[in-house]
Amino acid sequence: MKRLFFSLIVSFFSIGAMVAFNARVMPEPVSVLDSTDIFHDITDISKQIKQRAARSELNQSPDTSLQVPITIPEQTTEAPEMPDGLIFPSVDSIVSVDSIVPIADLIIKKNPLDSLYSRKENGTLQLPLYTYNTEAMRGLTFRDTLFYSPLFLPMIFTGQMLPRNLTIYPQDDLTGSGMLIPWEKTFRPQLRHADFVRDVRRDYYMTYPDRIRYSVLSFDSIPSAVGGDEMVRETFNPFRELIGAETTYSLDAPGVEGVTIRRRYWVRSGEHSFQFAQNHFSDNWHKGGTNNLNFNSYNVFRANYKKEKVKFNNTLEWRLQVFNAPDDTIRSYRIGNDLIRYYGDFGVDAFLKGWSYSMNLEAKSQLFNGYPVNSNDLRSAFLSPLYTNVGVGLKYNLDKRSEKVRHRRLRWDLSISPISISHRYVWNDSVNVTRYGIPEGEKSLLDFGTTITSNITYDITRYITWRSRLYYFTPYDKVVSEFENTLNMALSNAFSTTIYLHVRFDDSVPADPDFKYWQINQTLSFGLNYKW
């Protein structure tokens, strides 16, 4: 009876000790985690740091309450299985003794590579033999032996939310059309895989934004791999030695010193021509002339100033005709159209667009002496006559370019001077003053009246230009008017044909029997032409 009672007591304490041992040593069964939770555990850097710190403290803790005695049989050779991939270490070399072992050292996570490859005696993986082919592994570095999947990298927000092939235009599916190499043998599968990884990470950003702990902005600096295209060019360039030279020169762009471009208020231009011409004069032309062949020279200089509302335009023109005189027994050549003229106007912008308050000045004369046929009587000379006109009024300016025809442009200047002064002067005493409307015995004539001046320049094409000038002055008892037209047809940049027609009306001079008060000068010429 005593033995039975003693056996029950021993059995009771044995069962209690085993229960306590299992409760103290054996971990509780681990529930199967969801794949998303496993992904979070792998990519959550802060959680992994905390787990490693806790495991380190557990191993280094001197508290014996966390250590349990374990008796391991001497013949045990197989590690007992633990739930959810946890195993005890192999103890083939351990002697059957009672020892104190930390719990954290008993639990080891199973390596998934153990199911694919075997291990050597030193614990390293035994890879297939072909991987040790020296020819296949030539050129490999330590970095090439690191295998990882971008899907299991730490989730750090990089800001790359847009897909690589984003486009606003519809894309036609041209897969396989016109390709000499199948797309499976190109980089297209790798690009698709990279797009898949990028899409997975982007979906994770949008689905779990609260679980993203870090971003690229959280780091002071991001390490970058040294190399790339620059390293390849410097290391594997086969032409590096061929193009080497004893003296090296920098290929960097030289420094350019900045220059401040100031606005130009003065604009200068000009035109010059020397042409062969055929000329015809009316019998009553005020300076005389003979129908003949001649050489015509035309030069004009322009200098225009514009700043804000102030305008100042200047034009200096010189025309000269020299022609042969077969019917003149005194001279072998004669001077035809000899004109030197200056026109300037100063204006300030008015209240309407294109209009300005202006004051204009025109002065014209000639340089050489002019004689009639077979006569030494001086008809005209330098400053004989001299025409001067000064007026104050309004000026209208129009500059319009064609929107349909290239190089077509219209420029029009209209000056209206209600208050105007006209002065005629003959400096040489040998010139007959009555020919120029000056009373006999006088050297000058002053008139007050109104002046209207119109200048039109019409570029029909790049090579055809029409210029027209209208001058009208009246002191209300007589009229002096001039109408000039020039048609310039350029054959090239240097050659052109010019048709010039000058019609003049002056009823202050004696009337001609045939043309009355009208005077005509016509010129057709061909020759050199230059503009700047």
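**Entry 1: D506 and R424.** I looked up the contact between these two side chains in the predicted model. D506 and R424 meet in a salt bridge, with N to O at 3.7 Å. I then checked where the partners sit: D506 belongs to strand β19 (residues 495-506) and R424 to strand β15, so I noted a link between distant parts of the chain, 82 residues apart. At 1% relative accessibility D506 counts as buried, and R424, at 5%, is buried as well.

**Entry 2: E362 and R469.** I turned next to E362, which forms a salt bridge with R469; the closest N and O atoms are 2.5 Å apart. E362 lies in strand β13 and R469 in strand β17 (residues 464-474), so this pair ties together parts that are 107 residues apart in sequence. I recorded a relative accessibility of 7% for E362, which counts as buried. R469 is also buried, with a relative accessible area of 10%.

**Entry 3: D345 and K395.** I found a further salt bridge between D345 and K395, where the closest N and O atoms are 2.8 Å apart. D345 is in strand β12 (residues 333-349) and K395 in strand β14, and the pair links distant parts of the chain, 50 residues apart. D345 has a relative accessible area of 5% and is buried; K395 is buried at 6%.

**Entry 4: the charged network.** I noted a network of salt bridges whose linked residues include E362, R424, R469 and D506, together with E317, R319 and R341 among others.

**Entry 5: strand pairing.** I followed the strands that carry some of these residues. β13 and β14 run antiparallel and are joined by 10 bridges; E362 stands opposite N389 in β14. β14 in turn pairs with β15 in the antiparallel sense over 15 bridges, and I noted S420 in β15 as the bridge partner of G391.

**Entry 6: the nonpolar surface.** I looked up a nonpolar surface patch of about 710 Å², made by M359, L361, V390, V392, I419, I421, L446 and F448. β13 (355-365), β14 (386-401), β15 (409-425) and β16 (444-459) each give two or more residues to this patch. F448 is placed in strand β16 and counts as exposed, at 52% relative accessibility.

**Entry 7: the whole chain.** I recorded five helices and 20 strands. Of the 532 residues, 27% are buried. The chain exposes about 38,000 Å², of which carbon and sulfur atoms supply 61%. Among contacts with a separation of 6 or more, 58% come from residues 24 or more positions apart.

Terms used:
Residues are numbered from 1 along each chain as its sequence is written. This is a predicted model: local features need pLDDT of at least 70, side-chain atom pairs count only at pLDDT 80 or more; totals for chains, interfaces and linings use all residues. Side-chain values use heavy atoms; hydrogens and water are left out. Helices (H or I, at least four residues) and strands (E, at least two) are DSSP runs, numbered from the N terminus. Buried means under 20% relative accessible area, exposed over 50%, partly exposed in between (1.4 Å probe, protein chains only). Contact means heavy atoms within 4.5 Å. Accessible areas come from the Shrake-Rupley method with a 1.4 Å probe; for residues, only the protein chains shown count as cover. Patches are made of residues with over 30% relative accessible area and no salt bridge: like charges are joined within 9 Å, nonpolar side chains (Val, Leu, Ile, Met, Phe, Trp, Tyr) within 5 Å. A salt bridge is a side-chain nitrogen of Lys or Arg within 4 Å of a carboxyl oxygen of Asp or Glu. Two strands pair if DSSP finds at least two bridges between them.
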